[in-house]
Structure formats: C-alpha cells, structure tokens
Amino acid sequence: VGVSCNIACLLAILLKPYMPQTADVVAGQVNAPKDMFVLTEHVYQILPPGHHIGKPVPLFAKIELSTVDKLKQRFAGRQQTPPTVKTSSVDPAIDSVDKMETAVKKQADLVRTMKEGGASKDQWQPHVTVLLDMKKQLEAMKQLTLKEAAPSPSGNIPALEEEITSQGEKVRLLKQGGKPKSEWQPEVDKLLALKKTLAQLKGEPDPTIKKKNKK
C-alpha cells in the first residue's frame with residue numbers, strides 16, 4: 001500500500017502541469033504535503049512509513065448516457081445537408097429532338113464544369129446519372145421520329161419518289177442555309193427512312209446501308 005501511495009504521488013507530480021485539478025485531488029486523497037510538486041533529480045519516498053492517507057474517491061465521474069445525449073445536442077452543431085439532385089425523368093417540356101439535344105449539351109457542360117472545378121464524385125455523379133438518362137431519352141425520341149416519318153409499305157411508288165425528292169430538297173436548303181445539325185439531322189433521318197421504304201417496295205437492297213469495299 002505504501003509503494004502504491006508513493007507512486008500515486010509521483011503520478012500527481014507528473015500530471016500537475018497538464019491536469020492541475022486532478023493532480024490536486026490525488027494529492028488530497030493520499031494526504032500528501034503541499035510542497036511535493038517539485039521534480040527532483042532522484043526519486044525519493046514522499047510519504048513516510050505510518051502516513052495516514054485521506055478518503056479515496058473516483059477521480060473522474062461516470063458519464064451517463066443521458067449526459068452524452070445532452071452533450072451531443074449542445075456541441076453537435078448543424079450539419080450541412082448536401083443539395084439533392086433530381087435523377088428522375090427529364091423535364092416534360094422537352095418534347096422534341098431539338099430541345100432534347102440542347103438539354104443534353106447543357107447537362108454535359110454542367111458535368112464537365114463540375115469535374116474541372118474539382119468537385120467531389122458525390123457532387124457530380126448524380127448529374128452524370130441525369131445526363132445518361134437524357135441521352136437514352138434522346139435516342140428513344142429519334143427512333144420514334146423515324147417510325148413516324150416512315151410511310152406505309154403499301155404506299156404508291158411514284159408518290160413516294162416525289163416525296164423523297166421534296167424531302168431531299170428540304171435537307172439541301174437547310175444545310176445550305178447554315179442551319180445547325182440539330183435542325184437538319186431529323187430531316188435527314190426522315191429522308192433515309194423514305195428511301196428505305198421505297199427500296200422495300202421495289203424489292204431492292206436497303207440504300208441506307210453502306211456496303212464495305214472489297215479489297
């Protein structure tokens with residue numbers, strides 16, 4: 001017991017600069033002299049034989065769960081909630097291929113700007129998901145446009161040839177007029193669909209399929 005009490009005194013001396021109140025409590029429990037808080041060159045026996053110690057008590061109070069909850073509420077602060085990003089369907093107002101292509105380009109620019117700006121993956125990944133969804137819908141809209149543009153196979157061949165000529169002229173004027181691809185590409189797709197239908201009526205190969213050159 002005597003050795004343990006002297007060790008407690010030494011620990012109190014070491015704790016004094018860092019935990020002065022705790023060191024004083026330890027010194028009071030072992031009833032140590034007030035002038036003991038001095039580090040000497042050699043370790044010596046601080047408490048003599050027959051020394052009477054004080055009443056021991058816990059140095060640190062037990063932290064109950066209720067106290068933990070109170071401390072959390074007091075010091076937790078306010079966590080910033082990251083902004084939510086819509087990953088659902090695209091704006092219903094985008095009802096044409098042209099509008100969708102414009103929206104896809106705008107979304108792609110947003111993703112590129114975020115990545116170049118050093119945004120984390122958690123920030124730009126939802127926008128990438130939206131971009132991929134928009135591209136899928138754009139492709140679906142293009143396919144639907146082709147189906148709507150394709151005439152019935154039972155159509156009249158001369159009338160179909162006349163329509164192809166008219167459609168080809170329309171495409172030529174759009175390109176010569178410097179219109180953007182987003183405007184003339186749907187018309188080109190319609191022209192190709194007409195040519196494909198004409199080939200089917202005549203029993204000819206599909207002219208829209210490019211043949212590979214034989215070496």
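User: At what angle do helix 6 (residues 157-176) and helix 7 pack, and how far apart are their axes?

Analyst: In this predicted model, helix 6 and helix 7 pack at an angle of about 160°, with their axes 9 Å apart. Since angles under 35 degrees count as roughly parallel, over 145 as roughly antiparallel, 65 to 115 as roughly perpendicular and the rest as oblique, helix 6 is therefore roughly antiparallel to helix 7. The axes are lines fitted to C-alpha atoms, for helices over the stretch in contact, and the angles run from 0 to 180 degrees between N-to-C directions.

User: Which residues make helix 6 meet helix 7?

Analyst: Among those of helix 6 are Leu-160, Ile-164, Val-171 and Leu-174, and among those of helix 7 are Trp-184, Val-188, Leu-191 and Leu-198, where contact means heavy atoms within 4.5 Å. The residues of this contact between helix 6 and helix 7 divide into 11 nonpolar, 3 polar and 9 charged; Ala, Val, Leu, Ile, Met, Phe, Trp, Tyr, Cys and Pro count as nonpolar, Asp, Glu, Lys and Arg as charged, and the others, Gly among them, as polar.

User: Why are helix 4 and helix 7 called oblique to each other?

Analyst: The axes of helix 4 (residues 97-116) and helix 7 (residues 181-202) come within 9 Å and cross at roughly 135°, and helix 4 and helix 7 are therefore oblique to each other. Val-97, Asp-98 and Glu-101 of helix 4 meet Ser-182, Glu-183 and Pro-186 of helix 7. The residues of that contact divide into 2 nonpolar, 1 polar and 3 charged.

User: How do you know that the buried residues of helix 2 line one face of the helix?

Analyst: In helix 2 (residues 20-29), the residues Thr-22, Ala-23, Val-26, Ala-27 and Gln-29 are buried, which is to say under 20% relative accessible area, with exposed being over 50% and partly exposed in between (1.4 Å probe, protein chains only). Seen down the axis of helix 2, these buried residues fall within an arc of 165°, so they line one face; the arc is that of the directions from the helix axis to the C-beta atoms. Their cover includes helix 1 (2-15).

User: How many helices and strands does the protein chain have?

Analyst: The protein chain has 7 helices and 0 strands, counted as DSSP runs (helices H or I, at least four residues; strands E, at least two) numbered from the N terminus.

User: On what do these values rest?

Analyst: Residues are numbered from 1 along each chain as its sequence is written, and side-chain values use heavy atoms, with hydrogens and water left out. Because the model is predicted, local features need pLDDT of at least 70 and side-chain atom pairs count only at pLDDT 80 or more, while totals for chains, interfaces and linings use all residues.
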